[in-house]
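Have a look at the structure below.

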2 protein chains.
Amino acid sequence: MARIRFLPFEVEVEAEEGENVLHAAMRVGVHINASCGGAGVCNKCRVFLEEGRARGEELPDGGYKACTLVPDTDLVVRVPVESHLDRRALLRAPKRRATAWLAAAELRAVSPEPAFRRVFLELPPPDLSDNLPDLRRLKRALRERTGTEPEAEWNLLRSLPHVLREENFRVTVGLYDHPERNLPVIRQVWPGDRSGRGLAAAVDIGTTTLCAELVDLREGRVLAETSDYNPQISYGEDVISRIEFARREKGLALLSEKVRDRVGGLIRELCEKAGVAPEDLDLVSLAGNTVMTHLFLGLEPRFLRESPYVPVAAFYPPVPARELGLPVAEGAMAEFAPSVASYVGGDIVAGVVATGFFEEEPLTLFIDIGTNGEIVVGNRDFLACAACSAGPAFEGGGIRHGMRATSGAIEAVHINPHTLEPMILTIGGKRAKGICGSGIIALLANLFLTGLVDRSGKYRRDLDHPRLREGRDGWEYVVVWAEESATGEDIVFTEADIDNLIRAKGAMFAGYQTLLESVGLSVEAVERVILAGNFGSYLDLEQAITIGLLPDLPRDRFFFAGNSSLLGARLMALSRKYREKAVEVARMMTHFELSAHPGYMDYYMSALFLPHTNIEFFPSVKEKLEE
Amino acid sequence: MARIRFLPFEVEVEAEEGENVLHAAMRVGVHINASCGGAGVCNKCRVFLEEGRARGEELPDGGYKACTLVPDTDLVVRVPVESHLDRRALLRAPKRRATAWLAAAELRAVSPEPAFRRVFLELPPPDLSDNLPDLRRLKRALRERTGTEPEAEWNLLRSLPHVLREENFRVTVGLYDHPERNLPVIRQVWPGDRSGRGLAAAVDIGTTTLCAELVDLREGRVLAETSDYNPQISYGEDVISRIEFARREKGLALLSEKVRDRVGGLIRELCEKAGVAPEDLDLVSLAGNTVMTHLFLGLEPRFLRESPYVPVAAFYPPVPARELGLPVAEGAMAEFAPSVASYVGGDIVAGVVATGFFEEEPLTLFIDIGTNGEIVVGNRDFLACAACSAGPAFEGGGIRHGMRATSGAIEAVHINPHTLEPMILTIGGKRAKGICGSGIIALLANLFLTGLVDRSGKYRRDLDHPRLREGRDGWEYVVVWAEESATGEDIVFTEADIDNLIRAKGAMFAGYQTLLESVGLSVEAVERVILAGNFGSYLDLEQAITIGLLPDLPRDRFFFAGNSSLLGARLMALSRKYREKAVEVARMMTHFELSAHPGYMDYYMSALFLPHTNIEFFPSVKEKLEE
């Protein structure tokens, strides 16, 4: 790893493997003009190499494009005057992410104790003095080994005599502990010893993204991971439009099939990566929000969005996985993390299980930010939750040049407070196509701190700057000029966009307040904030607090849990205890309907400012503004 | 009902509705020459009407054909001299059938307590203060009603929200008590109140015949009954040839499909007869021998006939009935009576359950005569059983003119001891095509008692009678001359036929002896003999004892149970208690392998005489012979 020292600021940063200088500068809070997002076309991110060796594109004056410059050794880099006017061009503080949350899986060694076990048996072959029926012979041996006689399903009997005799009554039995039954079930019998295999897939069924892992059920190791978009996206971006689509003729069946097919594809991909056969998968553990789980199972989602918002089920029975078309062992089972309510689903329950705070003392606020934001508050004594309809702004929806976090999306922005010129980074270092969630939050935080936008979310009309102008939808800031964008158009951020974003963050903040008040607490009482979900991981903590999306608490109380839904699904696959914990969490969690709370609307209205009507809630932001 | 008095014998009989004079005479033991079986063609069964009115075909001399004569009033009928020479032309005793066994179902009122129940619930519709998921709402109500929370299967969830809302949350739940689980399962939910319906089909899967009943699960009444041949007959007459056929490619699938289709057809027929819909059938209770049950379920039957004779299962898991292609309610379950061994099957267990002797004091011998004869001995303290490979003679197999008991089969025979002329009756009063099981036994008993056949089963060579001759297969008796038969050939009974029949009855008798000896008892100790199965019902007790097929015990110890397998299946459908009893019986029953018993072969060899080598075993036959 190479160190980069930026002059004249004397700021140092450890560059990550293959990271370029522009990217490292953004991380450490050094502003370098850059308007093409790192695509190497705007030639504005000029820096001078004072010490060390690096590869990159040279400019005629002897400088380098910072977005192409990758260190071979430690470097000393000088940022030229056009990028900074004085030290104030340094970002106020290095960009801060929440500390990674060491979830239960990592903290405590999970000893695998999966609901699906493979047991190898050597049965005595029958003779005239012991000619018990095949099934009885098998059950007798299982009783001797496990102390119980499992139930057998009838369709097992068709192959049983052949399987038993294939390797002279040496067989492996797949036993499944059904969560509601007193006896395990024999789900499959293989000839010979297959007890060394036995895998599970853990799947997070996100509205946008499907994430999957392949797990070894004996050792608990993750063998492979993959992800892809949820193909239902073509039929609606958010859960509401999917519910609408499901009302069409065969709409529900189509949505269900699409996502199941894709998850099947991911499972095949995982198996290829790990060099195993899909037939070795005994368990599929899935976690998704209530709508996603309903659609996956082909359950009517309609009543989820009609008052009084009734799911078909919150505790989903286990399903023989082949009945869902998944490429797995014949006897494999699929299990779904239980939901709490129509808009607090299995992904949240899985996240709570994974992070384990429900078994600990500190009062914790667990937040999953998104179109449908979910909030859980509690500790080992209680759990309360609420869903928060924030709208799609965090995913780029309702934002003129908003887009999902894919290649070409502006994901990080800094605006020089003097020149008001932006420094942007795009995903993949491509020419900018638009702005994704984290970019939108960064933009607003920067516009606000540089004074381009006032506390009510309006652009300052009195500033004369080429990037600030009145466009067809009102006032806007030009983030990328047409000649540097991938679209050939100016990429702008409008007052209407700001308004949408403020509504979204206001809904979340009012959500915390209302939920905490419902249990007799205030925001200050929160000892720990866990940010769940992908979005949480990419969020810049300071910026999120600056715009009032997250409460202004000491920064060391914040943690990010990553895809805690996937982690929870993995834990549930690995251990029946975690499956039981999920049931416990879902049962224990009290759901509050925010819209039914009389205070919610007031809190919401008060939150429609930057960072909030009551600046005293945000002392650190107040301090920054006063500087 | 009309009384008929036969002169000159002064014997009276109550004619049954529509019964002709010939038939009534056979029943009461009056010999009338009749060689066409009642087809009205031989003109030999001439009688004279002395008093009363009757319809029938007159003969030129003023007599009537007895086989056409049906009384309108009480009659006095004179049998002319050609039919009798003296009073000895009277059969020795009226034909005696075993007393009907009043089985458990009739004896004790069975209060229905079926494993499948319909429960009507009026759920409170959801509102914002009570927006539990649909499934939870249903379970909550079930807990309130039944005290337990049943398990739900996932596929139920697809229709659940619509079903609940169809009649505003008034629903009927179909609950199934799975024999191996602690909680019932919700198998189906119907809109509105359907608790008044709820039917079951009881089915006896015989090797030859399928019998089915439709039962009301609330009141226990039989609503309809029907039967048909087992369509597998086309692929093999007996279980062995079916097992052979099943080894062909797709043979097993074909046999399975054929019988399931036909049972499905019978269920539809039952529903039509009773004016109900197949969708009202919640339960199908089936009883069959081990091979039939294996074939029905599509289980590999091959190892049943290869030493060490191992069934796939003896306790069959319940099966969702639609998975077997049966036309029933969506959630209906099919249950199978448990087997004991490869050749002592669910039909026998069902029969034992139905007759109830396993709960009573008297030592009972339960016999099902057939190609595969089954014997059970025991009482409330123990049960032992054995299978007895008697060969197909009782079903007409291996007998030159043997046939199954269908239209045109000679079912009853009397031979005039003086003229040695036969009186025969055929099924349906048609010209004779052949001889069925009961006819074969009657023939041998008559040939033996008239002295035509000696104790070793050989025809007397010294008698000069046109019906006794040496044919192409050795000595034979002509039962029906070609001109009076349906086939245009003489119908004969050969010494080879006699030999086959003696082997068959010898196998059965040696079976009783061996099984009884295995438990330390002798034939004399038997306090009750229950004849199960259709064949048992048609058997003439005196004749069966005469040839040594049944032991020579006081006649009042004999009972016939009819189709006790079907009755058992009905009881198991009606009540979980009977389902448990079946398990208890199957578990309790000790199976003896006769061929493994050192004494069996000796018993068998000794039984290859008429009635037995040791005539002292058959005192009543000895007495008849001495007369």
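Q: What share of the 627 residues of chain A counts as buried, and what makes a residue buried?
A: In this predicted model, 62% of the 627 residues of chain A count as buried. Buried means under 20% relative accessible area, exposed means over 50%, and partly exposed lies in between, with a 1.4 Å probe and protein chains only.

Q: Why is H294(B) called buried?
A: The relative accessible area of H294(B) is 0%, which is under the 20% limit, so H294(B) is buried. H294(B) sits in helix α7 (residues 290-297) of chain B; helices are DSSP runs of H or I with at least four residues, strands are E runs of at least two, and both are numbered from the N terminus.

Q: Which residues are in contact with H294(B), leaving aside its neighbours within four places in sequence?
A: Among them are L299(B), E300(B), P311(B) and Y316(B). Contact means heavy atoms within 4.5 Å. V312(B) is also on the list, and its backbone nitrogen lies 2.9 Å from a polar atom of the side chain of H294(B).

Q: What makes R181(A) and E151(B) a salt bridge?
A: A salt bridge needs a side-chain nitrogen of Lys or Arg within 4 Å of a carboxyl oxygen of Asp or Glu. For R181(A) and E151(B) the closest N and O atoms are 2.6 Å apart, so the pair meets the rule. Across the interface of chain A and chain B the rule finds 4 salt bridges.

Q: How much area do chain A and chain B bury between them?
A: They bury about 4,000 Å², 61% of it on carbon and sulfur atoms. Buried area is the accessible area (1.4 Å probe) that two parts lose on being put together, summed over both. W154(A), E180(A) and V312(A) supply 16% of the area that chain A buries against chain B, more than any other three residues.

A note on the conventions: residues are numbered from 1 along each chain as its sequence is written, and chains are lettered from A and ligands numbered from 1 in the order in which they are written. Local features need pLDDT of at least 70, side-chain atom pairs count only at pLDDT 80 or more, and totals for chains, interfaces and linings use all residues, while side-chain values use heavy atoms, with hydrogens and water left out.

Technical notes: A polar contact is a pair of N or O atoms within 3.5 Å; within protein, one must be able to donate a hydrogen and the other to accept it, and residues adjacent in sequence count only if both atoms are side-chain atoms.
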